[in-house]
Amino acid sequence: MTYIPHSPKERDVMLATIGVKSLEDLFKDIPAKHRFPKLDLPPALTEMEAAAELAELAESNENVRGDLISFLGAGAYNHYIPAVINHIISRGEFYTAYTPYQPEISQGTLQAIFEYQSLIAALTGMDVSNASHYDGATAAAEAVNMAFAQFRGKRKKVVISPTVHPQYRAVIRTYTQGMSLELAGDNAEADLESGPESLASLVDDNTMLVIVQYPDFFGRVYDYTELIKSAHSKGALVCVVTNPTALGLFKTPGAMDADIVVGEGQPLGIPMWFGGPWLGFFTTKKSFVHKMAGRLVGETVDNRGQRSYVLTLTSREQHIKRERATSNICTNQGLLALASAVYMSVLGKNGMRQVAELCYHKAHYAAEQLSQIEGYGMCFPEPFFHEFVLCCPKPAAEVNAHLLEHGILGGYDLGQDYPALKNHLLIAVTEMNSKEDIDTLVDALSEVDHE
Amino acid sequence: MNTPANLKYTKSDEWFDSASGAMGITDYAQSQLSDIVFVEILVEVGDTLEVGKPIASVESVKASAEIYASAAGKVTAVNSGLADKPETLNSDPFVAGWMVKVEGGQAGDVMDAAAYEKYCAERTH
């Protein structure tokens, strides 16, 4: 079979078959001005010239591995990525983004996904993980789909904390258009200083799902056990959006009795890549597995009694269940799920805890130093993980512009999403930030104050 | 194929027992679905059933099917034990595998056992 379609000879055969003389005749119903335009392209380059030009373009990017010191997080985190990850995922046997349908020839990939699921379930403290979604935001939206399916559309209200990532909330709104749902809790007037208990009062007999983030978008760590208990007393499910790095150190959402735990897998060995592709993880309790969207790999034995892996419970999926399926998504991020599985297995339980501790201690050192600068202070008194909100004496955008002049990528300007917080910077600190980096940030901000 | 003579049958392979008000899926249906791994009863005690509305969702290793009410009436009992033992639908679809019971059940468009056997035989060719 040839992989070059449409040779001139084949085109002639096809044109003759349908009774058209030339390509020009085939397209004559399309007005000339709407046809493919003449492209004004420069002369073709040799490979050597093209490589040089692309290298020059790439150099205009400023990266966080040498060009800039970064304290920017807000959903994308700069972590160390062990070299072994790229070596393993680049192997020909693994190097595809697609889910394998044929167990006869895909045991390696299926086992890798099974290991990924097992590791994610252990990390979140949940019973079962699917083979992943596109990213954290779409995984959160699938939690809404699952709750909707669980109540068969009889409950119509979703309570969302205003401190769930703003982009995740936007994606949930996009996904749920046309489902006639009531989304409550994250309106513009929401009290950002109140804790999870304020959400409990919004949960009623029509509520299918409560969504909170852990740590929340402002980095604050709450124990949601009481909120979850209260939501369950109304019959509602609870979804916790979480940061996997934090789970190396903190109580798991599973231990809080969460029904669904989702999140962004990017911190697990995946580069920030200007926003994607990333990895959405999705876990739930065993009793909800038939309502879960997405692929699922299970372990079984073959007809010789050997351990083997297959896609399982597929009859709940869209290609069989059609419009009655929970979601129309049944793909996954195979390659990036593998990257995160390699990351977790290379670090191990102790390594995951060490990374989390480094982030925690460095962030707390940074918070202590920064809040001593005149005019700056910690906005919230709650415990935090590796991210915190810094109140500034002037708009965050101006502070960031000043920092960039010093080679520092500052924090996330919260005024973009919360108009009342325009003087507030969300600062993220990971194991990649040295003490010198943090001291450089403190010095640069001290200067802002004296301008 | 087992087709008890005291039951009535729908074209979508459900049965109805007018004496007890019970309904479920037929032996033919379970053999077509093969190994059933998941059953979810979609109605609750007190619901009013209409003929042809879904009462349960069933998943086997190879297919997923909605089960429709073979009779109208008010639900007096649901077989919640099926959720933990979905394989009951394969082993005993007419007795232990009952799904929903109604009172004052009015069957819809149903056949007797002989007509249903003929109907199944026609489809297997």
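A residue is called buried if 20 or more other C-beta atoms lie within 10 Å of its own, exposed if 12 or fewer do, and partly exposed in between, with C-beta atoms placed from the backbone. The structure is a predicted model, in which local features need pLDDT of at least 70 and side-chain atom pairs count only at pLDDT 80 or more, while totals for chains, interfaces and linings use all residues. Residues are numbered from 1 along each chain as its sequence is written, and chains are lettered from A and ligands numbered from 1 in the order in which they are written. Chain A has 451 residues, of which 43% are buried.

**Chain A overall**

- Chain A holds 13 helices and 15 strands; helices (H or I, at least four residues) and strands (E, at least two) are DSSP runs, numbered from the N terminus.
- Along the principal axes, the C-alpha atoms of chain A fill a box of roughly 80 × 55 × 50 Å.
- Two residues are in contact if their C-beta atoms, placed from the backbone, lie within 7 Å. Of the contacts in chain A between residues at least 6 apart in sequence, 73% join residues at least 24 apart.

**Residues with positive phi in chain A**

- A:D257 is not a glycine, yet its phi is positive, near 75°. This residue sits in the loop between strand 6 (237-242) and strand 7 of chain A.
- A:D257 counts as partly exposed because 15 other C-beta atoms lie within 10 Å.
- A:F274, also not a glycine, has a positive phi of about 55°, and its place is the loop between strand 7 and strand 8 of chain A.
- A:F274 has 7 other C-beta atoms within 10 Å, so it counts as exposed.

**Cis peptide bonds in chain A**

- The peptide bond between A:Y214 and A:P215 is cis, with omega about -10°. A:P215 belongs to the loop between strand 5 (207-214) and helix 9 (225-233) of chain A.
- A:G276 and A:P277 are also joined by a cis peptide bond, with omega about 5°. A:P277 lies in the loop between strand 7 (260-264) and strand 8 (280-284) of chain A.

**A sheet in chain A**

- Strand 12 (residues 387-391) and strand 15 (residues 424-428) of chain A run antiparallel and are joined by five bridges. A:E387 faces A:A428 of strand 15 across this pairing.

**A sheet in chain B**

- Six strands of chain B make an open sheet in the order 1-2-3-9-8-5, with antiparallel pairing.
- Its edges are strand 1 (8-9) and strand 5 (48-49) of chain B; each has a single partner strand, so one side of each is left without a neighbour in the sheet.
- Strand 8 (residues 71-78) and strand 9 (residues 100-107) of chain B pair over six bridges. In this pairing B:V78 is opposite B:V100, and B:A77 has B:K101 as its bridge partner.
- Strand 5 and strand 8 of chain B are joined by two bridges, and B:T48 is opposite B:K74.

**Nonpolar cores**

- A nonpolar core is a set of buried Ala, Val, Leu, Ile, Met, Phe, Trp, Tyr and Cys residues joined through C-beta atoms within 7 Å. The largest one has 118 residues, and those touching the most other members include A:A140, A:I211 and A:C239.
- Helix 11 of chain A gives the most to this core, 17 residues.
- Beyond its neighbours within four places in sequence, A:I211 is in contact with residues including A:A140, A:A143, A:C239 and A:V241.
- A second, separate core has 29 residues, among them B:I25, B:V58, B:I67 and B:V102.

Conventions: Pairing = 2+ DSSP bridges.
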